[in-house]
Amino acid sequence: MVEQSIHNQPFLVAEDLSAVGTMSLGVAIPILAALGVPTAVLPTQVLSTQTEGFGTPAKQFSPTWLTATIAHWQQEHIQLSGGLIGYVGQIELLKQLAKLVVSQQVQPLIVDPVMGDDGALYPGLTTAYVTVMQQLVTHADVITPNWTEAHLLTGTKMTAEQPDQAAISAMLSALATLCGEHTRVVITGIPGNDTILTAYQNGQTQRTVSTPRRPGHFYGSGDVFAALLSVALMRQVNFDTAVAIAVKGDTIALDQTSEAGYQRRFGMQLSQLLTWLTQKVATNLDSTC
Ligand code: PXL
């Protein structure tokens with residue numbers, strides 16, 4: 001069973017709500033709900049579509065609403081059991097969230113520094129944004145950059161070459177140095193030989209997990225990964241198992257999405273992942289508690 005205290009302490013999820021393109025909050029809410037973790041949802045921006053696939057989206061964001069929401073939670077003594085920060089897309093909001101996680105001591109804090117892919121920043125984001133993100137990750141207990149974001153955070157140039165184990169290891173160490181010793185680092189989407197690698201560092205231990213590469217780009221797969229890792233950690237599984245759940249769950253969503261045959265820019269297919277979570281993962285977690 002989910003611990004009773006979690007029910008009175010929602011888990012913060014701060015990322016965009018993209019009306020079209022199933023990603024960000026659109027994937028985090030069902031994934032957390034599938035394993036019984038209640039959420040406090042902060043839409044950092046409301047967008048007509050995700051930002052990469054459809055031209056310039058209509059955007060709405062409100063630092064005023066964010067401030068008022070946080071003040072209201074404080075007034076109601078709503079405590080957070082932890083939090084996940086994903087795509088924010090706006091420097092002021094990023095700074096506000098950094099203040100929130102410090103003042104509310106949000107812990108565990110998972111930061112997915114969503115800001116780029118395939119070697120480039122996402123549309124509308126700047127190097128100033130990267131600088132603020134470099135500060136935010138120092139507050140994180142776990143970070144989940146993809147290979148591009150790992151380079152942006154560490155200020156290293158990305159090359160077209162496939163990294164060898166030494167390069168992956170050096171990147172994990174550089175990120176751990178940037179964030180601080182308390183932060184566990186997980187790098188997703190590392191190009192391998194017909195494979196995609198996920199590498200992570202937990203204390204002194206580094207590990208790499210390999211999955212077959214599926215052709216093409218999957219919008220929202222990193223958001224699915226971060227939500228899965230968050231929910232597994234909130235259900236108290238150990239770090240190695242949490243990464244294994246996130247890798248396997250993302251693979252299920254990627255397989256379904258790649259077989260679905262519709263345009264990728266519409267985001268991730270989740271139904272098979274949700275079935276796996278509720279029928280397999282939840283049952284295992286409940287029987288071990
Ligand atoms: O999946 C990352 C992501 C999240 N949120 C928005 C995005 C993207 C990637 O393009 O556009 C709004």
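**View 1. Serine 24 and the ligand in the predicted model.** A nitrogen atom of the ligand lies 3.1 Å from an N or O atom in the side chain of serine 24. This is a polar contact, a pair of N or O atoms within 3.5 Å. Residues are numbered from 1 along each chain as its sequence is written. The model is predicted: local features need pLDDT of at least 70 and side-chain atom pairs pLDDT 80 or more, totals for chains, interfaces and linings use all residues, and side-chain values use heavy atoms, without hydrogens and water.

**View 2. Threonine 51 and glutamate 52 at the ligand.** The side chain of threonine 51 places an N or O atom 2.6 Å from an oxygen atom of the ligand. For glutamate 52, a polar side-chain atom is 3.1 Å from a ligand oxygen atom. Of the 310 Å² of accessible area that the ligand has on its own, the protein covers 97% (Shrake-Rupley method, 1.4 Å probe).

**View 3. The shell around the ligand.** The ligand is surrounded by 13 residues (a heavy atom within 4 Å). Asp16, Ser24, Thr51, Glu52 and Asp223 are the closest. The shell holds five nonpolar, five polar and three charged residues, with Gly counted as polar and Asp, Glu, Lys and Arg as charged.

**View 4. An aromatic pair.** Two aromatic pairs are counted (ring centres within 6.5 Å). One is phenylalanine 54 with phenylalanine 266, edge-to-face, at 5.2 Å centre to centre and 75° between the planes (edge-to-face means over 60 degrees). Phenylalanine 54 sits in the loop between strand 2 (39-47) and strand 3 (59-60), and phenylalanine 266 in the loop between helix 9 (239-260) and helix 10 (271-288), so the pair ties together parts 212 residues apart in sequence. Helices (H or I, at least four residues) and strands (E, at least two) are DSSP runs, numbered from the N terminus.

Terms used:
A polar contact is a pair of N or O atoms within 3.5 Å; within protein, one must be able to donate a hydrogen and the other to accept it, and residues adjacent in sequence count only if both atoms are side-chain atoms. Rings of Phe, Tyr and Trp (its six-membered ring) pair if their centres lie within 6.5 Å; planes under 30 degrees apart count as stacked, over 60 as edge-to-face and the rest as tilted.
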